[in-house]
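Trainee: I am new to this structure, and I would like to learn how to read its helix packing and its pockets. Could you take me through them step by step?

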Amino acid sequence: MIKELFNNLYAYRQLLKSNVQKEIRGKYKGSFLGVLWSFVNPLLMTLVYAIVFPLILRNTEPHYITYLVIGILPWNYFTTVISQGTTTILTNGGILKKVYFPREILPISVNLSGVINFFISCLVMCLFLICSGIGFSWYILFFPLIVLTQFIIQQAIIFITSAINVYVRDSEYIINFIISMLFYATPILYSSSMFSGSAFEWIIKLNPIATIINAYRDIFYYQTIPNIKILLMVLLAGIVLFYIALKIFRKLEKGFAEEL
């Protein structure tokens, strides 16, 4: 099944490419700043959190704004992909009923366009790392592994959510609610060490996105090797989930035409 997926992606690579381009252009279509929103949006979010959060909870992290940026960028990547990926089949329903192509190309296109925007927005993180004096270290070599882990987990999730959303239209609202709750269980505004020894610590440990964001902070902010054992466990779990999600997607796609 995985081999068939890669064969389909290769056979329809031009369609995949055009879909990724459409996703990127569509995101900024009609906006004055265009692709600059990849920089402006995380900066505005960082500004709000940097002002509000220290008033609510005492923060002890030096260069807190840089700390925030490193957490906000991958979180934005995650939420954007899940939100857009969940609705992508419904959004492209007209095309699906007229033209045949492997349906999995649609959620994959969302994830690929998301990772491209993520790479662009990472220039903001680089700027903060330089201006704060933190700089870079050789641990940045782990960056591709962390991105790959996040990409696979997200792809698995939107394979399932995009397919289910065709049959249960309310699921996109449920997914958005879950993401909103997940935000508080992810160490974006705070450090995981703040809840060491508490019951909340286990919630964070079971959250794969928390592991991923901590890994980004390890290589960029703390400049140390990430917890490879846990990261590889999350990657392995993501691969297993990816396989299961693809099987679910393939089974549910048979009824797309009737439901759309």
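Predicted model: local features only at pLDDT ≥ 70, side-chain atom pairs only at ≥ 80, totals over all residues.

Trainee: At what angle do H4 and H10 pack?

Mentor: Helices (H or I, at least four residues) are DSSP runs numbered from the N terminus. Axes are lines fitted to C-alpha atoms, for helices over the stretch in contact, and angles run from 0 to 180 degrees between N-to-C directions. Here helix H4 (residues 64-91) and helix H10 (residues 208-220) pack at about 140°, with their axes 10 Å apart. Angles under 35 degrees count as roughly parallel, over 145 as roughly antiparallel, 65 to 115 as roughly perpendicular and the rest as oblique, and H4 is therefore oblique to H10.

Trainee: Is the crossing of H4 and H10 left-handed or right-handed?

Mentor: A crossing is left-handed if the near helix is turned anticlockwise from the far one by less than a right angle, and right-handed if clockwise. The crossing of H4 and H10 is right-handed. Their contact (heavy atoms within 4.5 Å) involves residues of H4 including Tyr67, Trp75 and Phe78, and residues of H10 including Ile213, Tyr216 and Phe220.

Trainee: How do H7 and H10 compare, and which residues meet there?

Mentor: Helix H7 (143-167) packs with H10 at an angle of about 165°, their axes being 10 Å apart, so the two are roughly antiparallel, and their crossing is left-handed. Among the residues that meet are Phe143, Ile146 and Ile153 in H7 and Pro208, Tyr216 and Phe220 in H10. For classes, Ala, Val, Leu, Ile, Met, Phe, Trp, Tyr, Cys and Pro count as nonpolar, Asp, Glu, Lys and Arg as charged, and the others, Gly among them, as polar. By that scheme this contact has 10 nonpolar, 2 polar and no charged residues.

Trainee: What is the volume of the largest pocket, and which residues are closest to its centre?

Mentor: On a 1 Å grid over the protein atoms alone, a pocket is an open set of points where a 1.4 Å probe fits, with protein on both sides within 12 Å along at least five of seven lines, and lining residues have an atom within 4 Å of a point. Grid points are joined across faces, edges and corners, and a volume is the space filled by probe spheres set on the points. The largest pocket has a volume of about 420 Å³, and of its 19 lining residues the closest to the centre are Ser192, Ala210, Thr211, Asn214 and Ile230. H10 gives the largest share of that lining, 6 residues.

Conventions
Residues numbered from 1 in each chain as written. Heavy atoms only, no water.
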